[in-house]
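Please consult the sequence and structure shown here.

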Amino acid sequence: MKELYDLTCGKTSKVFIRSYSTSFSYASRVMNKSIRRHVFNIYAFVRLADEIVDTFIDFPQSQLLDRFEEDLRFALKEKISANPILQAFQDTYHQFNIEKELVFAFLNSMRYDLLNDGCDTEEKLNNYVWGSANVVGLMCLKVFTQGNQEEYEKLKDTAIALGSAFQKVNFLRDFKDDLYGRKRNYFPILHHRKLDETSKLEIIKEIDKEFKEAYQGIMKLPKEAKIGVYIAYQYYKRLLRKLKRSSVKKIKESRIRVSNREKLWVICESYLKLTFN
């Protein structure tokens, strides 16, 4: 009955992600079945770790993260876990030969969130984004290229750029919650200056540059993954446009979002663009 357990663990990852992220859920649905469940497994793993450091504030977060890492190490070594999300993740990890360094770089960034209040230098920002976002993109790229190391190396830099752009959009979108709720400021520029229209546009200009680099890689992705990644790219581009149009006051006071109706439009528009060139 081990097959039933594995199937149930995969379904758990799927439900977990659909509960936490409608935008990611929409994008992943159009990916080929051969890779879809593995992308769910990766994102459920990172979402669970992120929950520990972001929302379990009334509980012993450091101890919970230590326990999570201990269980993860056991799962990767023994290829089994009683934690359904870790069980699903270890299956993907082994099937696609994901480097251990990528996995633990991610956990290092999660631990950084518990010990620090953000990034006051470009070096700290780059290190944090590498672990919190870039390595997640590379884990997914391992799945997208399905063992083709040559293709993986060709697309590696653009996957890093896309992960970085996504993360920085999240930082700007979540500015209110991060700064006032969690006491974290991820933008070095804002450790010396206030968030105003000028600094906001400087941040957005940098993100736009990364999106342009990432687009080149998206167009070269295998067809099984391309449409899903392209939809996520277009969703985040739309979110960035809304942030650009929003006043600094609004960003400081609320979480800018894309409505479900807009998300559905992004899916339809993206599908048509890629299908009919």
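Buried means under 20% relative accessible area, exposed over 50%, and partly exposed in between (1.4 Å probe, protein chains only). The model is predicted, so that local features need pLDDT of at least 70 and side-chain atom pairs count only at pLDDT 80 or more, while totals for chains, interfaces and linings use all residues. Residues are numbered from 1 along each chain as its sequence is written, and side-chain values use heavy atoms, with hydrogens and water left out.

Q: What share of the residues in the protein chain is buried?
A: The protein chain has 277 residues. Buried residues make up 50% of them.

Q: How many helices does the protein chain have?
A: Helices (H or I, at least four residues) and strands (E, at least two) are DSSP runs, numbered from the N terminus. The protein chain has zero strands, and its helices number 13.

Q: What radius of gyration does the protein chain have?
A: The radius is taken over C-alpha atoms, and the globule rule is 2.2 Å times the number of residues to the power 0.38. For 277 residues, a compact globule would have a value near 19 Å. The protein chain agrees with this, at 18 Å.

Q: Which residues touch the most other members of the largest nonpolar core?
A: A nonpolar core is a set of buried Ala, Val, Leu, Ile, Met, Phe, Trp, Tyr and Cys residues joined through side-chain atoms within 4.5 Å. The largest has 87 residues. Those touching the most other members are Phe 45, Val 103, Phe 144 and Phe 211.

Q: Which residues does Phe 45 touch, not counting residues up to four places away in sequence?
A: Contact means heavy atoms within 4.5 Å. With that exclusion, Phe 45 touches Phe 68, Leu 72, Ile 85, Leu 86, Phe 89, Val 103 and Phe 106.

Q: What percentage of contacts between residues at least 6 apart in sequence join residues at least 24 apart?
A: These contacts are counted within the protein chain. The share that joins residues at least 24 apart is 70%.
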